[in-house]
Amino acid sequence: MSELYAWLGGKPLFLWTDMLIWLLVAVIVLGVSYTRRRPHLLEPWHRVAKSRLAMGSLVVLLVYVVIGLLDSLHYRPALEQSDQSEEVHYAVEALTALDWMVGGLRESGEKSYSAPLATHLYVREMVGESGGEVRRDYPRLKSGGAHLQNPQQRAADLVENSIVGGAKGLLLWLGIALLLVLLLTRKRQQISPRRWVVEVARGETATPWRTILLVTAVVSLLLMAAIQVGVKYHILGTDKVGQDVFYQAVKSIRTGLVIGTLTTLIMLPFAILLGIMAGYFRGWIDDMIQYTYTTLNSIPGVLLIAAAILMIHVYIDTNAALFETTEERADLRLLFLCIILGVTSWTGLCRLLRGETLKLREMDYITAAHAFGVKNIRIIIRHILPNVMHVVLISVVLDFSGLVLAEAVLSYVGVGVDPTMYSWGNMINGARLEMAREPVVWWTLLASFLFMFTMVLAANLFSDVVREAFDPRVHKGE
Amino acid sequence: MLDKPPLLKISNLQTWFSTREGAARAVDGISLEIMQGEIFALLGESGCGKSITALSIMQLLPEVPLARLRGEILLDGESLLDLPEQKMRGVRGGHIAMIFQEPMTSLNPVLSVGDQVGEVLRHHSGLRGEAQRRRVVELLDDVGLPDPEQKIDTYPHQLSGGMKQRVMIAIALAGEPDLLIADEPTTALDVTIQAQILELLRRLQRERGMAILLITHDLGVVAEMADRVAVMYAGQLIEQAPRRPFFSSPGHPYTRRLFDAIPDAGKRHQPLSMLRGAVPVLTQEFHGCRFRNRCDYGWELCGELSPEWLSAQEGQQVRCHLFNPQFAERGSRVAESSGTEPVVERGQQEGDGSGLLQVRGLRVHFPIRKGFFHRTVGSVQAVDGLDLSIGRGRTVALVGESGCGKTTVGKAIMRLLEATDGTISFDGVNLSKLQGGALRELRSDFQMIFQDPYASMNPRMMVADIIGEGMDALLGQAPSPEGRRQKIGELLEQVGLTAEMASRYPHEFSGGQRQRIAIARALAVNPRLIICDEPTSALDVSVQAQILNLLRGLQQQQNLSYLFITHNLSVVSWFAQEVAVMYLGKVVEYGTVDEVMTAPRHPYTQALLSAVPTIDRETQREVIRLEGDQGSPINPPSGCPFHPRCPQAMERCSSELPDSRQISETHSASCLLVTNG
């Protein structure tokens, strides 16, 4: 094993949240393949697939998800061997597949603040002139625009790089589009690629491929241009310790996704089990569950979260030996944040499911099942659970963006994720002081705002369409 | 009458909706005229477009994309389709008012009755304050609401269904309309209440000289009410006639089929006439007659040419080629054949009648719990001392108005509800004592069919799994997948479906087909007794005939017993051998069909039978009008539960609970007026 790691130049690091995220991916893949074989389950998804809004925002969300997933493959790179000893040492700081791909961004650190696309530092420093004379000035950046002989060429260089990046983006998009044409026309033999392209261009296809391709074009142009410019400049500047803000914002995507998805994953069993039990069995079981969630609901959530995070903090400090890397420490805190958010937020869905089950248990097919002597557990699994799944799905999708925003607020208050972890909340927290500084450092706040806003907006638009597609009231007439 | 211009004139109205499959021709070129002060009935089965016609007149069409709205609707010479919305608002309520089927949802629950009537008054006549209140009281009095002075401040939830419908009518009358559109005004009501409401509508129409457009599927209601009748089928009118010729000699083959499909005592020994096939899909472009795929008399011409209006007699007009003088010969042949329905099956097998189910003194009380610790503060006495017995291969009908506890009886026998008291013995085994596994072993012997074919199966399960559920749970032995599939296929064919339907989902089936699947599900465990809880009341008459024929056929093949729970008395006289009439949790009369239906002894049964609208207008019957509503099972009246409404009540009735008195060996009634015979 260790030979393999040595040969690869790194050792995989299995973090809890990584494993849970990939478990979730596996569950979704299984769910998709299960749904594909059942036309009545597929039917609302067809409605989603026909919505231009949903498919456009789905493309944006997918980009986020891919970045988040790449960022969820951690490894510890092997350290350079100084002597010829057998033992290979691995770095304390873990990297991810994403870091490996955009290595240039991570390593280009500066001394302190620098504005977006700048060639000079944002603060004055003592600069030693060639004549031995020392004066205060804005020094050149170590990596931002370092390839330029003369900073005056910056504008031309930026334009050139954007064009090159744009061209690369165009090529990428063409590749994607070509792949799509091949895949789709192979699936449906009767349509020729040429005709399909014409139909897409006119926007006549049932699935809004034109919208999908347009959004993909915008995204791939932006992506390639950002990479092209990003390795030479700091697109969104650097922060106080000279770290690239663009890189930070990209790394924060994973944190947001983890909070938004794992929290619901943790809360679902509580909500589903208790909600259905309360509605189905009624009587004292119902009373107990109702009193539980009424009580839980009346404790301020922030209080519980702060207490839990504090406890985890103490635990980590007293058991420092358990954690080999900083990532593991931060990861444990993130996991517990998800758990505690999940524990405090299951009540809403639980209440919805209880009501839905109360309605369902009076349906004739449940009575018919009772008449056949079918056992309760079987009735719940076969009759009730499948018929409340749309409620679960709608609430999961709607909760997602709320949780991403909640993370930002909690981190800002100081009870969120570990301060060493990249997250939009931490970025905003840091920006609090920078906004009060003279001259103002505005780009950290802007970066976190842009990234978070895009994701939450896309998620909200998508969830809106999903909710409408699954809402039985909207489609009664059909 | 002809010299006056019509009040409402619709010519060639087309209302098409755009759907994914193309334009649905919900209303496709109908023309009709309604005169001042007449009752015009629009008759048709569900989905034929009769409600859409009404909504087109009111300009209240649902918010779905319209593919086409053409034609002309003239009210007093004014074209409604061209009126701007603002003027249309004055027409609605002021000239045309509408009452709906469901009184429960047509009233706003947070406004008092007076406010809701007053709102219309304020809008249409500008009445305010004391004057408005006086007028509201007048209106409520006019629609027969008792104590209008007090009732004006009540809220809808404090009123019964019949009262709510009266309030709805008062709201409709507030604007002094010339035309009242009544869309199935009594379908959701019990027969005795229906009789009250129909009488009220007739009286109001007479007094005010108002025209009524009555939309209904019930031939009986049409016979009671209408001056003229139009029959609608698949978006078109196919027959128009004054009432008398319509009922004495219905013209169109479809109309005749409708008449034949109605069960009654006279058809007891023959299967009901059925319509084959289904209503054509409305999204297609029609060529020829729309009824031809289901018509017994059609020939090539029917597929090529859409029939025009042809007159038959006395103002009766029919859209059928048979009435074209050119084809007079065919027409006369049809007229002959229609009278003699071939009796395919021999008279029904009566079963050996030996007792299968015995119910003695059944009581089901639901405790009413209140407060933090759920103290029992009272009880709903849903069923209170009920005796019943069903023989092998026999059908017992349990008849009563809604809320009398008949469904509770069915569920208690199924042991889906715990009986408070009494014994239920099935084939000698006392069911009420059985628990757990022992009960589960017996469960396959009795099964249930439900009223609502849409709620009775899980929409997320395949038909095969729905039918197989009982087999898996009760028949114990796990049959091979092949054997299971074969059994399910056989069951589906037994109920008139095909084996390949097993892999479909419920939403792909119509109401009648779903009810067949529900029957197959019950049959899957080889029951001996099936409890049918209003199995046909959600279905159209022609589909009802199919299901009833199927149930009877199965009874003859498998010697099944049925407990048939229903409120539809004409079905009872066709289908059952014995009848139990229930009122407020008790059986008030019990006997064979002939005894109960032809010579009822209990005043309630008499009133119930007289309230049913019949097609046969020749036998002028006297409707025994029942006052008020059924009492509350929480606090039932003392003595005889029926005495507050009984037209023949005596003083003794309020203190003395009558026991069951034998009239003949099979006939008994619980009334002090009946003397042991």
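View 1. Of the area that chain A buries against chain B, A:His40, A:Asp364 and A:Phe372 supply 30%, more than any other three residues.

**View 2. Contacts across the interface.** Contact (heavy atoms within 4.5 Å) links 25 residues of chain A with 28 residues of chain B. Between the chains there are 10 residue pairs in polar contact, both residues at pLDDT 80 or more. A polar contact is a pair of N or O atoms within 3.5 Å; within protein, one must be able to donate a hydrogen and the other to accept it, and residues adjacent in sequence count only if both atoms are side-chain atoms.

View 3. Strand 1 (residues 8–19) and strand 2 (residues 22–34) of chain B run antiparallel and are joined by 10 bridges. Strands are DSSP runs (E, at least two residues), numbered from the N terminus, and two strands pair if DSSP finds at least two bridges between them. A hairpin of two residues connects strand 1 to strand 2 in chain B. B:Leu8 stands opposite B:Ile34 in strand 2 of chain B.

**Conventions.** Residues are numbered from 1 along each chain as its sequence is written, and chains are lettered from A in the order in which they are written. In this predicted model, local features need pLDDT of at least 70 and side-chain atom pairs count only at pLDDT 80 or more, whereas totals for chains, interfaces and linings use all residues; side-chain values use heavy atoms, with hydrogens and water left out.

Notes. Helices (H or I, at least four residues) and strands (E, at least two) are DSSP runs, numbered from the N terminus. Buried area is the accessible area (1.4 Å probe) that two parts lose on being put together, summed over both.
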